[in-house]
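Student: Let's go through this model by question and answer. Please show it first.

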Amino acid sequence: MTAHDGSPDAPRLGTQLETPDEQRLEELRTNLAAVNARIERGCADAGRDPDEVTLVVVTKYFPASDVLLLHRLGVRHFGENRDQEAGEKFRAARHALAEAGESELTLHFIGQLQSNKAGHVAGYSDVVQSVDRSKLVSALDRGAHAVDRRLRLLLQVSLDGDTARSGVLPEAAADLADEVAGRELLSLKGVMAVAPLGADPDEAFARLRAVADGIRARHPDADWLSAGMSADLEAGLRHGATHLRVGTAILGSRPSLL
Ligand SMILES: *Cc1c(COP(=O)(O)O)cnc(C)c1O
C-alpha cells in the first residue's frame, strides 16, 4: 500500500485494485474473515477456545495461485481430495513458497483413495483424513516407508451405515484404529466424517463424537476430530471438532465436475 500525502486532491493510492490477483486476494481475505468470525462465534456459543480449532481450507478445483494467496493471508492447512490434482498443485505451491523462503504448509488428503494411489499420496501429504480400510493402511505404510516420512492418519467414519460409500462403520473403527497404531511410520490422530446428505448434522456429529471418544480411550494421542464444512461448521464445533474442512465459503463455488 502506498500512503497518500494528505493533501486534498492527492490520488488515494492503494484503494484501487490493480491486478486480478489483488482482486482475488481481497475476495479471499473477506471470505476468510467471515469464516473466522463464524468460528469465533461458534466457539463462544459452544464454550470452546478457538485456539483448539484448526481451519483446513479445501482448495480442490482451485489453482495453486489461490493456495499462495491464502498462504499470504496466513492459512497453513490445506485440504485436497484428488490425487493427481493435489500432487501437481502442491508441488508447484511448495516450490513457489520455498523460493520465497517460506516452508510452513500442512496438506491434508481428504478424498476417497484407491490403494494403488496411496504410495503417491504418501509422498506429498502430511495428513490423510480418509482412511477407511485395512488395505489402505498397509498401502500408506508402504508408501511412508518408501519416502521415509511419517504420516498422520484419521479414520473416516461412515455415518449413514452405507459401506459402499467412503468410511469405516462405527463398530469396525476400533479394530482399524489398532491396526494403524501398530505401524511404525503411521500416527493415528483421530477420526473424520462428512454428515450424510439430508441428515441432521448435530445428530450425525454426536455419533461421530461417541466413536472418537471410544478410540481415544484406547489411543490417547488420537485426539483430533475432523467435522464440519461450509454449511455445518457450527454443528461440528458443538460436537468437539478440532479440525474444520471449509471450501466453498472461502473459495467460492466449485465448477461442476463433468
Ligand atoms: C469438498 C470437501 C469439503 C469442503 O466442502 P465445502 O462444502 O466446500 O466447504 C470438506 N470435506 C470433504 C471430505 C470434501 O470432499
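**Overall size and one valine**

Student: Where do the coordinates come from, and how are residues numbered?
Tutor: This is a predicted model: local features need pLDDT of at least 70, side-chain atom pairs count only at pLDDT 80 or more, and totals for chains, interfaces and linings use all residues. Side-chain values use heavy atoms, without hydrogens and water, and each chain is numbered along its written sequence from 1.

Student: How many helices and strands are there in the protein?
Tutor: Count DSSP runs from the N terminus: helices are H or I with at least four residues, strands are E with at least two. The protein has nine helices and eight strands.

Student: Is valine 75 buried or exposed?
Tutor: Valine 75 sits in the loop between α2 (64–72) and β2 (77–80). Buried means under 20% relative accessible area, exposed over 50%, partly exposed in between (1.4 Å probe, protein chains only). Valine 75 has 7%, so it is buried.

Student: Which residues is valine 75 in contact with, leaving aside neighbours within four places in sequence?
Tutor: Contact means heavy atoms within 4.5 Å. With those neighbours set aside, valine 75 touches Leu32, Val57 and Leu70.

Student: What share of the 258 residues is buried?
Tutor: Apply the burial cut-off to the whole protein. The buried share is 46%.
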